[in-house]
Amino acid sequence: MAILFHEAVPVVLKRRRALKAFLLYVFQSKGKTLSSLNIIFCSDDYLKTINEQFLNHDFFTDIITFDLSITPSGPIEGEIYISVDRVKDNAKSFKSDPGRELHRVIFHGVLHLCGYGDKSLTDKVIMTREEDACLAAYF
């Protein structure tokens, strides 16, 4: 099992070892086995390019999650791309602490890899509840 952080832009992420342990706990608590996870912190422009290239979406977003697992029931392999620019803007908009917002987005990506969606209103409510539970358990 490997959880790696990559920074294309500067990001302040304290307690990385504790965060890795917590992310592993989230996967295990959802009945999932993690093989590898790369979390890549990048700029708005970088993530928009990925959004256009792979998803045909011409807009900014805070996160894109790719499930690279070989089989649906096998160990999870994934990549999570996070726009640090968008996270900072969202923190201002939501009047939230930027560090807490960054963790919310990381948990959001992990929850996607665990099978949670956010396309329908019902799924969004469940996703937000799960994000909040992760934040409460982690902080």
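This is a predicted model: local features need pLDDT of at least 70, side-chain atom pairs count only at pLDDT 80 or more; totals for chains, interfaces and linings use all residues.
Strand β1 (residues 2–7) and strand β2 run parallel and are joined by 6 bridges; strands count as paired if DSSP finds at least two bridges between them. Residues are numbered from 1 along each chain as its sequence is written, and side-chain values use heavy atoms, with hydrogens and water left out.

- Strand β3 (residues 63–67) runs antiparallel to β4, and 5 bridges join them. Here F66 has E79 in β4 as its bridge partner.

**Which strands are enclosed**

- Of the 9 residues of β2 (residues 34–42), 7 are buried, so this strand is largely enclosed by the rest of the structure. Buried means under 20% relative accessible area, exposed means over 50%, and partly exposed is in between (1.4 Å probe, protein chains only).
- β4 is likewise largely enclosed by the rest of the structure, because 6 of its 8 residues are buried.

**The protein as a whole**

- The protein has 5 helices and 4 strands, and along the sequence they follow the pattern β-α-β-α-β-β-α-α-α.
- Its radius of gyration is 14 Å, close to the 14 Å that the globule rule gives for 139 residues, so the protein is as compact as a globular protein of that length. That radius is taken over C-alpha atoms, and the globule rule is 2.2 Å times the number of residues to the power 0.38.
- The C-alpha trace spans about 35 × 35 × 30 Å along its principal axes.
- Buried residues make up 40% of the 139 residues.
- Among contacts with a separation of 6 or more, 62% come from residues 24 or more positions apart; a contact means heavy atoms within 4.5 Å.
- The accessible surface comes to about 7800 Å², and 53% of it belongs to carbon and sulfur atoms. Accessible areas come from the Shrake-Rupley method with a 1.4 Å probe, and for residues only the protein chains shown count as cover.

**Aromatic rings**

- The structure holds 8 aromatic pairs. Rings of Phe, Tyr and Trp (its six-membered ring) pair if their centres lie within 6.5 Å, and planes under 30 degrees apart count as stacked, over 60 as edge-to-face and the rest as tilted.
- F5 and F41 are a stacked pair, because their ring centres are 6.2 Å apart and their planes are at 15 degrees.
- This pair links distant parts of the chain, with F5 in strand β1 and F41 in strand β2, 36 residues apart. Both F5 and F41 are buried.
- F54 and F66 form an edge-to-face pair, with 5.7 Å from centre to centre and 70 degrees between the planes.
- F54 lies in helix α2 (residues 44–55) and F66 in strand β3, so the pair ties together parts that are 12 residues apart in sequence.
- F54 is exposed, with a relative accessible area of 51%, whereas F66 counts as buried at 18% relative accessibility.
- F22, Y25, F107, Y138 and F139 form one aromatic cluster.

**Backbone angles to check**

- Most residues other than glycine have a negative phi.
- R15, in the loop between β1 and α1, has a positive phi near 55 degrees and is not a glycine.
- K95 is not a glycine either, and its phi is positive at about 50 degrees. K95 sits in the loop between α3 (84–93) and α4 (98–113), and it counts as exposed at 79% relative accessibility.

Key:
Helices (H or I, at least four residues) and strands (E, at least two) are DSSP runs, numbered from the N terminus.
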